[in-house]
Structures are given as structure tokens and as C-alpha cells.
Amino acid sequence: MDNLEKENNLQKQNFYIFLDFDGVLNDIENMPYLWKLGGFFVDDKDKETFNPESIAALNYLIETLKSEYNVNLVLSTTWRRWFEKAKSVLKNNGLEYCGEIDKTPKMFLKKRAFEIMSYLQSKNEDHNFVVIDDKSHLPKYFKDSNSIKTNIVNGSLNMSNMLNYIDTYFPHLASKNPLKDIYEFEKAKYENASKDSITDDFENSKK
């Protein structure tokens with residue numbers, strides 16, 4: 001990071017991304033090795049732990065927010081028990097974030113929401129953050145604008161729900177980010193729309 005970039009970051013507001021792993025960056029349906037859940041048996045050099053689309057969606061969020069905020073990635077996952085390994089596996093699986101990675105405190109017999117709120121309180125922040133997690137209790141504590149809910153069975157983070165989140169709560173930033181084209185999401189939507197149109201035309205021709 002050069003001096004100009006450091007100066008620009010000092011002028012930006014902080015934005016915190018609280019990241020779970022299991023159920024967010026992977027799910028049971030798309031994970032070939034279920035023993036990797038939890039991270040205990042995963043080697044820190046492993047490159048096949050997380051869903052590439054989930055990592056791409058996370059990278060897209062970070063790059064989009066960077067134009068306006070100083071983005072801070074905070075691990076709220078249980079993987080943070082092996083913090084150095086968790087960071088290494090993230091990088092080896094394609095995370096493009098270059099800043100320092102932090103973690104929430106471990107609070108005995110407290111739900112994850114309280115650990116996240118404790119961290120936010122320590123940073124004097126109550127607005128600029130998003131929690132990405134599959135835990136069912138989190139929506140009770142955080143507004144839709146501060147949370148992205150996923151599903152550990154078959155609904156890990158993807159470009160569709162990420163774009164929906166950004167287009168809804170950061171529309172002014174979404175229009176600036178060219179990564180939609182890099183990830184060919186718009187192309188995929190167009191191709192799917194074309195297929196649907198062809199199917200509709202075929203069905204109409206039989207009537």
C-alpha cells in the first residue's frame with residue numbers, strides 16, 4: 001500500500017465485514033469433504049476448502065465497498081480458534097483482500113450476535129457493517145441492511161444474493177464496480193434470459 005492509498009484510507013469511514021465460514025463460503029451440498037467443516041482437520045495450505053463462487057462474491061463485496069470505505073474483514077467464524085490457519089486458508093482459496101484481518105472476541109456461553117456487538121462497541125460503530133452468516137438467531141439482532149443470511153445445506157454465499165444486497169443498499173456503488181463484467185454475472189443473466197425466451201417461444205408455438 002503506497003502513501004497516497006494510506007492517506008485516502010484515513011479519510012474514509014470504516015466498514016466492517018463479519019465473516020462466518022461454514023454455511024457461507026461452503027455448504028454441505030457443494031462440499032466434497034464434509035470433514036473439512038469446522039476447520040480442525042484442514043491443512044493451512046489447502047486450496048479446495050471453499051466454494052469459488054462464494055469467494056468471488058466476497059471479493060466483489062470488498063472491491064465494491066473499497067471505493068467509499070476503509071474495509072475491515074473480521075472473522076466471526078468458529079474457525080477463528082485457529083486464527084492463523086483460517087487466514088491462510090482464506091488466502092489460498094482466492095481471497096483478494098490485502099488488509100489486516102481481525103477476529104471477534106470469544107464470549108463464554110454467548111451467542112455470536114453478542115460477540116459481534118461487543119466488537120462493534122469497541123470500535124464505536126453501529127452503522128457501517130454487514131454480518132454474513134447462516135446462524136438463525138442473527139436476523140433478530142441485525143437489520144437487513146446489516147446482514148446477509150446464507151444456508152449451510154445448499155445456500156452458501158453467491159453472486160446473486162451479493163448483487164441483490166449491493167444493489168439494494170449501495171446502488172450508487174454498484175454502478176461504479178466493473179467486476180460484474182469480470183465475473184460475467186450479467187452475461188450469465190442474459191444467457192439464462194435468452195434460454196427462457198426460447199422456451200417460451202417454443203411453448204407458445206405449440207398452442
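What follows is a conversation about how the terms used for this predicted model rest on their definitions.

Colleague: What are the ground rules for reading the model?

Modeller: The model is predicted, so local features need pLDDT of at least 70 and side-chain atom pairs count only at pLDDT 80 or more, while totals for chains, interfaces and linings use all residues. Residues are numbered from 1 along each chain as its sequence is written, and side-chain values use heavy atoms, with hydrogens and water left out.

Colleague: What is the mean pLDDT of the protein, and where is the pLDDT below 50?

Modeller: On the scale of pLDDT, which is the predictor's confidence in each residue, from 0 to 100, the protein has a mean of 83, and 78% of its residues reach 70 or more. Over residues 187-199, however, the pLDDT is below 50, and this stretch has zero contacts in the model beyond near neighbours in sequence, a contact being heavy atoms within 4.5 Å. Where pLDDT is low, the predicted coordinates should not be read in detail.

Colleague: How many helices and strands does the protein have?

Modeller: Helices (H or I, at least four residues) and strands (E, at least two) are DSSP runs, numbered from the N terminus, and by that rule the protein has eight helices and five strands. From the N terminus on, the elements run α-β-α-β-α-β-α-β-β-α-α-α-α.

Colleague: Why are strand S3 and strand S5 said to stand at the edges of the sheet?

Modeller: The open sheet of five strands has the order S3-S2-S1-S4-S5, with parallel pairing. Strand S3 (101-103) and strand S5 (147-149) each have a single partner strand, so one side of each is left without a neighbour in the sheet. Neighbouring strands of this sheet are turned by 25° against each other on average, direction ignored.

Colleague: How do you know that these neighbours count as paired?

Modeller: Two strands pair if DSSP finds at least two bridges between them. S1 and S2 are joined in the parallel sense over seven bridges, with Asn14 opposite Asn70 in S2, and three bridges join S2 (residues 69-75) to S3, where Lys103 is the bridge partner of Leu75.

Colleague: What makes S4 "mostly covered"?

Modeller: Buried means under 20% relative accessible area, exposed over 50% and partly exposed in between (1.4 Å probe, protein chains only), and five of the five residues of S4 are buried. Phe129, Val131 and Asp133 point one way from S4 and Val130 and Ile132 the other way, and all are buried. S1 is also mostly covered, with five of its seven residues buried, and of the 207 residues of the protein, 43% count as buried.

Colleague: Which helices lie against these strands?

Modeller: Helix H2 (residues 52-66) packs on the sheet, touching strand S1 (13-19), S2 and strand S4 (129-133), and its direction makes about 170° with that of S1; axes are lines fitted to C-alpha atoms, for helices over the stretch in contact, and angles run from 0 to 180 degrees between N-to-C directions. In helix H3 (residues 83-92), Phe83, Lys85, Ala86, Lys87, Val89 and Leu90 are buried, and the buried residues of H3 pack against S1, H2, S2 and S3.

Colleague: Why is Lys47 called exposed?

Modeller: Lys47, found in the loop between S1 and H2, has a relative accessible area of 61%, and so it is exposed.

Colleague: How do you know that the buried residues of H5 line one face of the helix?

Modeller: The buried residues of helix H5 (residues 159-169) are Met159, Met162, Leu163, Tyr165 and Ile166. Seen down the axis of H5, they fall within an arc of 160°, so they line one face of the helix, the arc being that of the directions from the helix axis to the C-beta atoms.
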